[in-house]
Amino acid sequence: MPELAVDYRIGWPLALSARLTIRGLTALVGPSGAGKTTLLRALCGLVPASGQPFAGLAPERRRVGFLPQHYALFPHLSALDNVAYPLRGADRRERAQALLERVRMGPFGARPPQTLSGGQCQRVALARALAREPDLLLLDEPASALEPALRDALFDELAELIHELGLPALVATHDPHLAQQCDWMAVLDRGRVVQQQTPAQVFSQPRTLPLARLLGFRNLFGGSLEARAGEFVLSTGAGMLRVVPDSRHWRPGPVQWGIRSDEIQVLPESFPAHRVPADNVLAVRVRQLRHQGLTLRAQVTGDMAFELLLPRHVQDGLGLAVGQRVRIHLPPAYLRLFPQESDA
Amino acid sequence: MMRRRMWIQRGSTAVGLTWLAFLLLPLLSLAASTSWRSFALAAGDVSALETSVIYTAFAMLAVVAFGTPLAFALARRRLRAQRLVEALLMIPLLTPPLALGILLTALYGPYGWLGGWLNQWGVSLTNTGPAFVLAQVYASAPYYVVGARAAFEAVPTDLEQIARTLGDSPGRVFRRVTLPLSLLGLGAALSIAWVRALGEFGVVLIMAYFPQGIPVKLWVNLQDYGLSSVYPLLWVFFLVGLPLPLLLGLLARQRTARRPLAPTAAF
């Protein structure tokens with residue numbers, strides 16, 4: 001997989017120190033205002049920065065293909081001439097046509113960009129960026145200008161193309177769903193890269209509270225970590241919960257903890273008593289039920305309030321109703337701990 | 001609600017048409033009053049036409065050469081004294097033409113310090129071609145700069161930046177992206193400057209009574225031969241001055257309707 005190490009320091013328009021590795025198609029995620037676009041623009045040379053790669057080079061001397069959020073196709077040029085823009089020489093139009101065909105836009109060369117759909121504009125912009133023969137591709141929110149229904153399919157196609165090309169590519173996005181389709185993920189928060197792992201690792205084990213929120217953790221609470229008989233327990237509003245954190249990183253003291261809505265298990269009345277887990281079972285009452293597409297979002301309250309997300313087949317088996325009393329199980333392996341943060 | 005909207009539409013159409021008639025009435029009346037059978041120019045009118053067209057063309061060259069970089073800088077850079085530059089730029093526009101003429105004569109005239117110095121080198125800026133052009137430049141440049149700046153501002157900076165990432169130096173970006181996208185707006189700004197320069201009377205009257213261009217010749221004819229005898233030169237004046245801005249205005253409207261990018265804020 002193509003790799004590129006980035007180590008950038010930016011002072012303006014926001015202070016940012018980004019050290020990350022771009023591995024294949026890499027998602028750059030973070031809350032809005034974290035500096036994702038700024039880092040991309042710095043890599044293009046459009047924002048002053050110091051560091052590697054391309055240190056100090058003017059934008060026109062960097063081999064970078066940049067696809068900005070709205071693609072920035074030249075409105076006074078046809079699709080073909082847009083792609084031919086960075087090319088020189090007598091055969092530039094033929095080479096541009098070949099690139100258009102490569103992104104499956106061959107028949108659209110004569111069309112002005114205004115007459116193309118969002119997905120088509122994106123592919124023309126990709127062909128134009130490729131005409132530059134870049135060492136690195138940068139994509140800023142590639143799905144934001146597309147219809148939600150088409151977004152995944154088009155991004156899949158884009159990802160496939162980028163894999164075929166064998167170029168390292170950095171995709172800035174605030175959309176966790178899109179990030180899941182990438183090979184690698186870097187998380188930007190408060191001016192630095194706080195985590196970089198595969199999407200599966202980041203989604204299951206986000207390292208910071210803001211990131212957990214961004215990735216869809218809805219149950220987040222304060223608590224206190226205690227060590228008992230060689231095991232960690234979490235003192236919470238609902239009593240003691242067993243957790244299995246990496247003991248190398250955690251020391252007893254105040255922490256934030258959370259669990260994903262879809263990782264809480266519901267134990268109905270009929271659940272065989274001998275199979276009820278020994279730990280982390282709480283008695284709650286169903287306060288609210290709301291359908292969300294094919295899943296059911298349930299709010300439950302007891303000593304603490306939780307949100308649950310139940311797939312259709314689970315709800316069909318449970319038949320939950322508002323006011324019903326149930327037990328829920330918070331599996332120790334799914335409880336995530338986050339460092340105490342000032343703005344948490 | 002529908003009824004009310006219809007009345008508003010009808011009312012605004014009526015007001016618009018009345019206003020248009022009000023604007024066109026003098027021109028129609030001129031057409032009616034001109035004695036077309038004995039249509040003839042007075043002595044010296046042709047040379048006034050030549051003077052006006054040739055010197056205005058020179059003035060426009062100077063206005064474009066100096067005004068374009070200034071307009072681009074105002075549109076793209078945050079200059080330290082941006083507001084001050086903008087205000088200073090407006091001075092010639094806000095000064096009554098006669099006053100501006102006197103101001104310029106005080107500087108460039110034979111008794112002005114700069115005029116006196118230039119005179120030593122054989123350059124006279126009173127009643128000469130260069131004086132005529134200088135007066136026109138002062139009178140028309142602000143119109144061009146204001147219009148050109150709006151034209152440049154209408155070009156999205158994203159496009160210029162992406163062109164840089166595609167391997168173009170700032171100069172090439174200007175030529176390949178900024179200029180084509182602002183060309184119509186620049187043309188509109190230039191055509192307004194053209195009309196202002198061509199029709200400039202007050203400043204030119206003081207600085208360069210000679211060589212006589214159309215406005216001064218109209219004034220002279222009016223005094224020497226009376227109102228009706230200046231109609232032919234007046235028609236020539238319209239013929240030279242109006243087609244360019246009207247055509248560009250029309251083109252700009254069409255282009256704006258075809259694509260959302262509107263580099264023609266001058267119209």
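Reply: Chain A contains nine helices and 19 strands. Helices (H or I, at least four residues) and strands (E, at least two) are DSSP runs, numbered from the N terminus. This is a predicted model, in which local features need pLDDT of at least 70 and side-chain atom pairs count only at pLDDT 80 or more, while totals for chains, interfaces and linings use all residues. Residues are numbered from 1 along each chain as its sequence is written, chains are lettered from A and ligands numbered from 1 in the order in which they are written, and side-chain values use heavy atoms, with hydrogens and water left out.

How confident is the prediction for chain A? The mean pLDDT (the predictor's confidence in each residue, from 0 to 100) is 89 for chain A, and 99% of its residues reach 70 or more. Within the chain, helix H2 (residues 79-84) of chain A has the highest confidence, at a mean of 96, and helix H5 (residues 148-165) of chain A the lowest, at 82.

Now to our part, a sheet and one of its loops. Five strands of chain A make an open sheet, in the order S14-S18-S15-S16-S17, with antiparallel pairing. Two strands pair if DSSP finds at least two bridges between them. At the edges are strand S14 (265-267) and strand S17 (305-310) of chain A, each of which pairs on one side only. From one strand to the next the twist averages 45°; the axes behind this angle are lines fitted to C-alpha atoms, for helices over the stretch in contact, and angles run from 0 to 180 degrees between N-to-C directions.

Strand S16 (residues 295-301) of chain A and S17(A) run antiparallel and are joined by six bridges. In one of these, A:Thr301 has A:Ala305 in S17(A) as its bridge partner. As a general point, side chains in a regular strand alternate between the two faces of the sheet.

Next comes the loop between S14 and strand S15 (281-292) of chain A, where A:Pro277 sits. Its relative accessible area is 26%, which means that A:Pro277 is partly exposed (buried is under 20% relative accessible area, exposed over 50%, and partly exposed in between, with a 1.4 Å probe and protein chains only). Which residues does A:Pro277 contact, leaving aside neighbours within four places in sequence? They are A:Leu267 and A:His329, where contact means heavy atoms within 4.5 Å. A:His329 is 52 residues away from A:Pro277 in sequence, but their C-alpha atoms are 7.7 Å apart in space.

The loop between S14 and S15 of chain A also holds A:Asn280. A:Asn280 has a positive phi of about 60° although it is not a glycine. With 5% relative accessibility, A:Asn280 counts as buried. A:Arg190 is not a glycine either, and has a positive phi of about 45°, but at 48% relative accessibility it counts as partly exposed.

There is another open sheet of five strands in chain A, in the order S12-S11-S10-S13-S19, also with antiparallel pairing. S12 and strand S19 (336-338) of chain A each have a single partner strand, so one side of each has no neighbour in the sheet. In this sheet, strand S11 (residues 231-236) and strand S12 (residues 239-243) of chain A pair over five bridges, and a hairpin of two residues connects S11(A) to S12(A).

Finally, step back to the whole chain. Of the 344 residues of chain A, 51% count as buried. The largest nonpolar core has 48 residues, and A:Leu25, A:Val124 and A:Leu139 are among those that touch the most other members. Helix H4 (residues 118-131) of chain A gives the largest share of this core, eight residues. A nonpolar core is a set of buried Ala, Val, Leu, Ile, Met, Phe, Trp, Tyr and Cys residues joined through side-chain atoms within 4.5 Å. In soluble globular proteins, nonpolar side chains tend to be buried together. Along the principal axes, the C-alpha atoms of chain A fill a box of roughly 80 × 45 × 30 Å.
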